[in-house]
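I opened a new page for this chain and wrote down what I looked up, in the order I looked.

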Amino acid sequence: MNKSDIITLPDKALRRSSRRVGLITSEIKKLVQDMQEATLSWEDSRAHEMGVALAAVQINKHLRVVIIRNNFEDKNDRTFQVYVNPQVTKAYGELVDDFEGCLSIKNIYGRVPRYEKVKVKALDSNGKEVRLTAEGFLARVLQHEIDHTKGIVFIDHIKDKADAFFKLKDDGSLEPLNWEKQIKNNKQLWQ
Ligand SMILES: [Zn+2]
């Protein structure tokens, strides 16, 4: 598996909801391995970004499986935590806007409202139930990935689109995009 297996908008498969996983079979373990390979292959092709997380739907497998990097600060740590059938059981605090990107939305970043803190329930890669309370960036990543398992992408959360979108430039900086002129009618990006 590599980065070319990652599907991107406007592929409608991203909008389909994924099935719950019953048992953690060898196929699920292989799926996790494929997702890790695809994410790291994508990261290796990008100069300024980290492959922080991926949901199985992004490699066109409609199962509720999510992987999230263990260390957001260090690209050399190429390990992931696995979340099977993850769900938010409680959200706390305010909705806070911050930058988000997605391996399935090429080069576009947006300012997305997310809860500051969430409680999540899932199974780990051995089928054992895990519960965690996450804050800050991890809370944001969990909400983004759990959305993917339901066919939701980050752009869906942006109500006021006028000043919310940015393009990643070759030097790694973000440049504001004009919603009306540069995004709204661009079918390559948007659907
Ligand atoms: Zn995403």
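These entries go from the whole chain to its core, then to one helix, a few strands and some backbone angles.

**Entry 1: the whole chain.** I note at the start that this is a predicted model. I counted three helices and seven strands in the chain. Read from the N terminus, the elements run α-β-β-β-β-β-α-β-β-α. The radius of gyration is 16 Å, close to the 16 Å that the globule rule gives for 191 residues, so the chain is as compact as a globular protein of that length. I then fitted a box along the principal axes, and the C-alpha atoms fill roughly 50 × 40 × 30 Å. Of the 191 residues, 31% are buried. I also looked at contacts between residues at least 6 apart in sequence, and 62% of these join residues at least 24 apart.

**Entry 2: the core.** Which residues have the most contacts inside the largest nonpolar core? I found Met-35 and Ile-67, in a core of 36 residues. At least two core residues come from each of helix H1 (26-44), strands E1 (53-55), E2 (65-69), E3 (80-102) and E4 (105-123), and helix H2 (136-149). H1 gives the largest share, six residues. Another core, of five residues, lies apart from the largest one; I noted Tyr-109, Ala-164, Phe-165 and Leu-177 among its members.

**Entry 3: helix H2.** Is H2 mostly covered or mostly uncovered? It is mostly covered, with 10 of its 14 residues buried. The buried residues include Leu-138, Leu-142 and Ile-146, and also Arg-140, Gln-143, His-144 and Glu-145. They pack against E1, E2, E3, E4 and strand E5 (129-135). After H2 comes Gly-151, with a positive phi near 80°.

**Entry 4: strands E4, E6 and E7.** I traced the pairing through E6 (residues 165-168). E6 pairs with E4 in the antiparallel sense over three bridges, and Ile-108 stands opposite Lys-167 of E6. E6 also pairs with E7 (residues 174-176), again antiparallel and over three bridges. Here Lys-167 stands opposite Glu-175 of E7. The hairpin of E6 and E7 has five residues between the strands, and Gly-172 in this hairpin takes a positive phi near 95°.

**Entry 5: backbone angles.** Where is Pro-10 placed? I found Pro-10 in the segment before H1. The peptide bond from Leu-9 to Pro-10 is cis, with omega near 10°. Next I looked at positive phi in residues other than glycine. Asn-60 has a positive phi of about 65° and sits in the loop between E1 and E2. Asn-107 has a positive phi near 65°, and its place is in strand E4.

Why do I list Asn-60 as partly exposed? Asn-60 has 13 C-beta neighbours inside 10 Å, and a residue counts as exposed at 12 or fewer and as buried at 20 or more, so Asn-60 falls in between. For Asn-107 I also found 13 C-beta neighbours inside 10 Å, so Asn-107 counts as partly exposed.

Technical notes: Residues numbered from 1 in each chain as written. Predicted model: local features only at pLDDT ≥ 70, side-chain atom pairs only at ≥ 80, totals over all residues. Core = buried A, V, L, I, M, F, W, Y, C linked by C-beta atoms within 7 Å. Helix = DSSP H or I, 4+ residues; strand = E, 2+ residues; numbered from the N terminus. Contact = placed C-beta atoms within 7 Å. Pairing = 2+ DSSP bridges. Rg over C-alpha atoms; globule rule 2.2 N^0.38 Å.
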